[in-house]
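Trainee: I've got a model open and I'd like to learn how to read it. Can we go through it together?

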Amino acid sequence: MDISKYLNKAELNVSDKRPLYLQIALLIADKIQKQILPSGIKLPPERELADLFAVSRTTAINAYRKLEQQGLVWTKVGSGTYVAQTRDVESQSEVPWPQLFTVYPQNPLASILREIVSTPAPGTISLAAGMPDPALYPLDTFTELFNQKIGRTPPADFGHIPIEGYTPFRKAITAMLSEKGILASTENILALSGSQQGLYLLSKVLLEPGDYVVVESPTFIGAIQAFQSAGARILSFPCSEKLSLELLEDFLIRYRPKLFYIIPTYQNPTGRVLPLSERQDLIKLAKRHRLVIVEDDPYSDLYYGEQPPQSLKALDSYGGIVYLGTFSKILFPGLRTGYLAGPPVLINRLALEKQLIDLHSNNISQWLLAMFLNEGNLAPHLTTVRREYKKRRDTMAKALLRLCANDLEFTIPEGGFYFWCKLKQKDSPRGSYRKLGNSEFPLFQGKLSIQCPPLIMSFVFVLRLTMKQFCLKVCSAWLKP
């Protein structure tokens with residue numbers, strides 16, 4: 001049965017803000033639900049579907065993926081895509097939830113954050129997630145603070161608080177930032193339920209569908225997802241030892257992007273540190289073009305040698321740097337508390353958006369963190385974790401150099417959580433990545449347009465007893481297809 005005739009008259013609406021793949025999926029879904037396309041019928045091949053709608057093959061593939069997620073079609077490898085068996089609409093009692101969902105950007109990495117932060121399976125050591133070791137969480141200190149202060153704190157502090165955050169917490173943040181050379185008052189601070197919420201709020205407030213955002217490549221996948229969820233178009237340039245200000249300025253002139261997202265200190269995942277001179281040059285360029293820079297700074301306190309240069313926010317001479325901070329990396333992620341520093345007009349607008357999500361971030365976490373900071377507990381804790389993570393970094397570096405030096409290329413990170421590794425050989429067995437990813441040492445495979453994808457390996461959970469075993473597994477997987 002030739003079903004092309006049922007689709008060749010369908011036209012896509014170019015003025016529709018919905019992606020083309022979704023429009024195609026909705027057209028096919030409508031014909032399936034109306035039983036114009038009956039169960040079991042074979043749908044056009046991806047290339048033919050692409051030709052029918054004058055779109056790329058990738059768009060056609062994504063349309064079929066969307067339909068498959070909705071349970072409307074199924075794919076048989078080597079055969080094609082078929083309409084799934086469906087019950088008569090009138091006899092259905094279940095709510096068709098997938099059909100009620102709003103548009104969500106579909107891409108191969110859509111659920112990667114969910115997978116990375118999920119609890120590892122028993123017997124595994126995650127080398128993919130950039131999270132601190134639970135053994136180093138300062139839980140005893142927090143327990144002591146809670147027990148000492150809970151009876152002395154006004155009960156009203158645990159009721160609703162300003163959307164911008166618990167005032168003592170915001171004051172403590174301004175004091176902490178002052179030590180880093182960032183001048184701010186409480187009006188410049190917004191408490192967040194993790195810095196990821198800050199990225200989401202900035203996307204909601206600053207971005208409209210079709211706006212451009214500049215990022216480095218590679219970069220934190222959570223930022224890309226937040227920007228794409230707002231319909232932004234991503235402009236990327238390689239994250240290298242030297243920031244390409246010429247290319248960035250070309251982007252600014254040609255595309256007029258809304259913002260530039262950057263992790264200048266211990267970049268995720270490459271570990272690159274932007275030198276002071278380049279930070280100053282970047283600010284001069286941004287000031288000239290009135291460019292908003294979103295500075296994500298989760299790792300700058302985790303240095304294992306010399307302190308890194310001052311943050312971009314500390315060097316800000318034009319009020320265009322928005323600074324994101326978090327306690328998930330230096331304390332523990334379960335606090336779900338971060339903060340954003342920016343001009344009061346931005347803080348006010350973000351607060352209006354935040355009230356629609358959670359009214360305000362968790363009181364207990366902010367209350368505990370305010371006491372933790374005010375009583376001087378952060379500095380000794382950071383000394384402890386720096387010392388311990390430096391040992392683990394050095395352990396992994398020595399083992400990799402001893403066991404994988406012929407096959408693996410990397411630099412020893414000066415801070416943060418990751419080794420950014422590349423294969424020296426041009427042709428690598430792709431199956432080995434899957435084998436490692438499913439092993440007792442889950443890895444995260446980098447997504448770059450090069451022949452051999454890099455591997456991102458966190459050294460936080462590395463113990464001496466497992467290091468040799470891990471390295472042998474890595475090297476054997478690379479060398480044995």
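Trainee: Which residues of helix 2 are buried?

Mentor: Some ground rules to begin with. This is a predicted model, in which local features need pLDDT of at least 70 and side-chain atom pairs count only at pLDDT 80 or more, while totals for chains, interfaces and linings use all residues. Residues are numbered from 1 along each chain as its sequence is written, and side-chain values use heavy atoms, with hydrogens and water left out. Helices (H or I, at least four residues) and strands (E, at least two) are DSSP runs, numbered from the N terminus. Buried means under 20% relative accessible area (1.4 Å probe, protein chains only). In helix 2 the buried residues are Tyr21, Leu22, Gln23, Ile24, Ala25, Ile28, Ala29, Lys31 and Ile32.

Trainee: What span does helix 2 reach from its first C-alpha to its last?

Mentor: Helix 2 covers residues 20–33 and reaches 20 Å, close to the 20 Å expected at 1.5 Å a residue. That expected span is 1.5 Å times one less than the number of residues.

Trainee: In what order do the seven strands form the open sheet?

Mentor: The order is 3-9-8-7-6-4-5, with mixed pairing. Strands 3 and 5 are at the edges with a single partner strand each, so one side of each has no neighbour in the sheet. Two strands pair if DSSP finds at least two bridges between them. Strand 6 (residues 259–262) pairs in the parallel sense with strand 4 over three bridges, and four bridges join strand 6 to strand 7, also running parallel. Phe260 in strand 6 is the bridge partner of Val214, and Ile293 in strand 7 is the bridge partner of Phe260.

Trainee: Where do the side chains go?

Mentor: In a regular strand they alternate between the two faces of the sheet. In strand 6, Leu259 and Tyr261 point one way, Phe260 and Ile262 the other way, and all are buried.

Methods
Buried means under 20% relative accessible area, exposed over 50%, partly exposed in between (1.4 Å probe, protein chains only).
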